[in-house]
Amino acid sequence: MPKVAIIGAGNVGSLTAMRIVEKAIADVIIIDIAKDIARGKSLDLEDSLSVFKVDSTIKSTEDFSQVKDADVIVITAGFPRKPGMTREDLLNKNVEIIKDVALKIKSLNSKAVVIILTNPVDLMAQVFHKITNFDTKRIIGLGVSLDSARFANLVSQELKVGVSEVEAIVIGVHGKGMLPLARFTKVKGKALSNLLDEKKINDLTEATVQRGATIVAHLGSGSAYFAPSAAISEMVESIVKDENGETVASVYLNGEYGLKDVFIGVPVRLGKSGIKNIIELKLNPQEKDLLLKAAGELKKCTISV
Ligand code: APR
């Protein structure tokens with residue numbers, strides 16, 4: 001059984017653990033500085049596995065050395081948003097957590113595929129890379145796959161079709177620089193840009209960009225966790241099963257899309273050793289311009305490590 005280490009057993013981390021062990025995708029270890037809470041959650045989760053007769057294991061620890069033989073490390077340690085905050089507002093607090101976690105991982109395991117959730121995710125992936133100097137193919141920021149799921153949901157509601165009929169694609173930044181792509185989003189195989197007028201598409205785009213903030217405003221404390229954990233477990237499954245699955249993720253670009261030295265969301269194919277390849281969509285000049293602008297905004301954030 002593959003082993004997944006989840007750093008941060010909060011809302012996103014513990015639900016991710018649940019999804020992974022319940023589907024028997026891997027054995028899971030959760031690691032959190034709040035060791036008692038992590039322990040309580042892992043014991044509770046462990047009990048649920050006998051209900052489902054599933055043989056995966058779930059353990060918790062505060063001992064970081066347990067990451068050493070993990071095939072995948074998921075980082076969900078960090079502060080979530082509060083109402084009124086942007087993901088970028090989390091930068092100063094979360095960068096210290098990512099630095100701490102990255103330094104520990106660096107000395108213990110350079111072979112794992114690392115999936116980062118902590119926001120602002122595109123910048124956190126950059127920080128993780130700077131600290132660890134890990135092979136960039138093994139660093140994946142999860143943001144736009146969640147945004148794609150949200151866009152698909154909103155499109156399905158607008159067009160009154162099942163969500164399984166929608167293949168949505170969002171690239172760019174997991175934040176204001178998010179780019180839901182109507183030309184590449186397919187509904188029953190047809191391009192969304194041919195099914196709705198520009199105004200409707202703009203409304204859906206804006207609702208997708210705002211979806212996380214909308215959820216945060218309703219929750220009052222904390223941010224989304226059901227859809228983020230679903231997106232992570234899907235990604236983990238694709239990696240450990242070496243499925244060659246196509247998704248979108250924040251990855252290091254080295255010339256692709258005319259961009260260099262930046263982590264930003266684009267389509268990729270995933271496998272056992274991380275990113276198998278980056279897929280270059282044929283963007284039109286307007287789409288390309290928006291992507292370059294989004295990347296430009298990211299590059300303005302210089303983070304000293
Ligand atoms: N090492 C390990 N765990 C840590 C560390 C650390 N250095 N720092 C914080 N944590 C743990 C906390 O103890 C807490 O259990 O991270 C967990 C965060 O959990 P929540 O507060 O519930 O946050 P969550 O909703 O899970 O979001 C975590 O993911 O989606 C993003 O924006 C979100 O940045 C946020 C992150």
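So, how many salt bridges are there between domain 1 and domain 2? The count is one, where a salt bridge means a side-chain nitrogen of Lys or Arg within 4 Å of a carboxyl oxygen of Asp or Glu. The partners are Glu 237 and Lys 23, with their closest N and O atoms 3.1 Å apart. As a reminder, side chains of opposite charge can pair when their charged atoms come close.

A quick word on what you're looking at. This is a predicted model, in which local features need pLDDT of at least 70 and side-chain atom pairs count only at pLDDT 80 or more, while totals for chains, interfaces and linings use all residues. Residues are numbered from 1 along each chain as its sequence is written, and side-chain values use heavy atoms, with hydrogens and water left out.

Now the two domains themselves. Domain 1 covers 3-141 and domain 2 covers 144-299; these bounds come from an automatic or database domain assignment. Their C-alpha centres lie 22 Å apart. The contact (heavy atoms within 4.5 Å) takes 35 residues from domain 1 and 42 residues from domain 2.

About 3200 Å² is buried between the domains, and carbon and sulfur atoms give 66% of that. Buried area here is the accessible area, with a 1.4 Å probe, that two parts lose on being put together, summed over both.

Across this interface there are also nine residue pairs in polar contact, both residues at pLDDT 80 or more. A polar contact is a pair of N or O atoms within 3.5 Å; within protein, one must be able to donate a hydrogen and the other to accept it, and residues adjacent in sequence count only if both atoms are side-chain atoms. Among the elements that each supply at least two residues of the domain 1 side are α1 (11-22) and α4 (121-132). Helices (H or I, at least four residues) and strands (E, at least two) are DSSP runs, numbered from the N terminus.

Let's move to the ligand. Which residues are closest to the ligand? They are Asn 11, Val 12, Asp 32, Phe 79 and Asn 119, out of 20 that surround it, each with a heavy atom within 4 Å. A polar backbone atom of Phe 79 is 2.9 Å from a ligand oxygen. Asn 119 brings a polar side-chain atom to 2.9 Å from an oxygen of the ligand, and for Asn 94 that distance is 3.5 Å.

Stay with Asn 119 for a moment: its peptide bond to Pro 120 is cis, with omega near 0°. Pro 120 sits in the loop between β5 and α4.

You'll find Lys 53 in the loop between α2 (35-52) and β3 (58-61).
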